[in-house]
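Colleague: Hi! I'm new to this one, could you walk me through it?
Modeller: Happy to, let's bring it up on screen.

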Amino acid sequence: MSGSVRLDGSEIRSIAPPALASRVGIVFQDPASQLVMERVEDDVAFGLENRGWPRERMRARVPESLAEVGLAGLELRRSTRLSGGQQQRLALAGVLAPRPRVLVLDEPTANLDPDGATTFFARLAALRSSRSTTIVLVEHRVDAAWPLADLVLALDGDGSPIDLGAPGDVLSRSRTRMTEAGIWMPDEPARGRRTDPGTPGETLVEAVGVEFGYDRRSPVVHDVDLALAAGERVALVGPNGSGKSTLGRLLVGLLAPQRGRVLMGSGSPSRLPAAELARRAGYVFQEPERQFLADRVTDEVALGLRAGELARVADLMDRLRLPLDKFGDRSPYRLSGGEQRRLSLACVLVRRPALLVLDEPTFGQDRLGHEALVAILDERLAAGTCVVAATHDERFVADVADRVIALDRGRVIRDGPLQTAG
């Protein structure tokens with residue numbers, strides 16, 4: 001590190017970690033990495049205990065913090081059983097609980113449903129109005145973040161500053177440079193579908209009366225009936241914890257239903273040999289690092305490929321802005337969150353499976369990453385791939401989906417065309 005970073009006039013490197021932690025709270029891009037306790041309420045209390053808060057103050061503050069992020073009533077839930085969005089809320093609650101003087105947030109709404117994101121930004125607006133906390137917000141949802149800002153720092157792809165100043169001044173001075181760098185503009189509308197939906201082909205996977213729960217007494221997917229056909233563009237939507245990720249895993253055979261059945265062809269995908277399943281179906285996890293196996297990017301994207309498939313790797317990585325001459329020797333675990341997401345997508349896209357299930361595919365992506373992914377998916381859809389995306393990204397739904405399946409508490413409450421699904 002070179003240069004100087006100061007907190008209240010003191011160099012950061014000279015401040016002891018306990019003193020630094022008492023003044024600065026940070027939410028990482030990967031919320032699961034900062035959850036340390038098994039139960040939800042214990043995780044929020046952990047930071048307060050380390051700061052020496054009296055027990056009675058903690059008992060009052062913990063449920064208050066959970067209510068602020070929409071997790072009231074989940075105090076005794078196991079943190080590992082929360083959805084990705086709920087884990088993000090829990091990480092936020094733990095950081096907000098001690099009321100830090102400086103709050104650093106790295107993509108804090110990436111996994112939140114629209115209502116959760118709106119509520120969270122309202123909470124930030126209240127903190128800003130009180131001027132009790134300095135907020136540093138790293139965010140691709142600039143339409144929601146922009147009105148909160150006193151200062152905007154725009155960075156290019158290499159981390160160099162494009163502009164720094166008041167929001168209106170930065171926008172008027174540097175709109176063109178920021179657009180070229182792939183930064184979303186706060187007044188940039190969603191484009192919507194660019195091509196005709198087309199006619200779906202043969203049925204690829206069917207769910208009949210499917211039910212599943214990680215705890216058999218508490219199912220998270222109930223009585224799901226649906227069929228997905230070749231060439232279909234499907235968005236799975238619903239609030240955090242509604243069962244989207246679980247349903248996606250059931251469809252590709254990563255989980256087996258406890259009741260009902262999932263059929264891929266004439267059999268269950270959960271019983272197919274791994275090699276055959278990988279050719280038929282691909283799944284991109286919400287947390288990219290969960291599916292990495294190799295120490296180098298080149299080895300990761302080429303893992304298990306046949307000779308004919310290896311020829312696709314270089315072009316695909318170029319299109320996803322991960323050229324092998326620059327990224328090939330890097331560790332997947334040392335990439336940024338957005339780069340890890342694009343690598344996880346590349347590892348599945350290169351295999352060209354007939355069924356492609358994506359869990360929050362635009363997490364951490366700027367406009368260029370979003371547009372590259374949409375273009376690649378359009379090509380795969382034209383070739384007959386069925387794309388199913390579990391997502392809160394309304395822009396991505398508008399750009400990709402023709403059919404929307406809405407879940408609530410594990411049940412399908414709506415299944416229909418995009419324009420009538422609301």
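Modeller: Keep in mind that this is a predicted model.

Colleague: Is the crossing of helix 2 and helix 3 left-handed or right-handed?
Modeller: Right-handed, as helix 2 passes helix 3.

Colleague: And which residues make the contact?
Modeller: From helix 2 there are Val 40, Glu 41, Val 44, Ala 45, Leu 48 and Glu 49, while helix 3 brings Met 58, Arg 61, Val 62, Ser 65 and Leu 66. By class, this contact between helix 2 and helix 3 has seven nonpolar, one polar and three charged residues.

Colleague: New topic: how many cavities of 30 Å³ or more are there?
Modeller: The structure holds two of them. The largest cavity has about 60 Å³ of space, and the second largest cavity has a volume of about 40 Å³.

Colleague: What lines the largest cavity?
Modeller: Its lining is Glu 68, Val 69, Arg 89, Leu 92, Leu 112, Gly 116, Thr 119 and Phe 120. Helix 5 gives the largest share of that lining, three residues. The lining divides into four nonpolar, two polar and two charged residues.

Colleague: And the lining of the second largest cavity?
Modeller: There you'll find Arg 233, Val 234, Ala 235, Val 387, Ala 389, Phe 396, Val 397, Val 400 and Ala 401. Strand 10 (233-237), strand 14 (386-390) and helix 16 (394-400) each give two or more residues to it.

Colleague: How do the residues of that lining divide?
Modeller: Eight are nonpolar, none is polar and one is charged in the lining of the second largest cavity.

Definitions and conventions:
Residues numbered from 1 in each chain as written. Predicted model: local features only at pLDDT ≥ 70, side-chain atom pairs only at ≥ 80, totals over all residues. Heavy atoms only, no water. Left-handed = near helix turned anticlockwise from the far one by under 90°. Helix = DSSP H or I, 4+ residues; strand = E, 2+ residues; numbered from the N terminus. Contact = heavy atoms within 4.5 Å. Nonpolar A, V, L, I, M, F, W, Y, C, P; charged D, E, K, R; others polar. 1 Å grid on protein atoms, 1.4 Å probe; cavity = no way out; pocket = protein on both sides within 12 Å on 5 of 7 lines; lining within 4 Å. Points joined across faces, edges and corners; volume = space filled by probe spheres on them.
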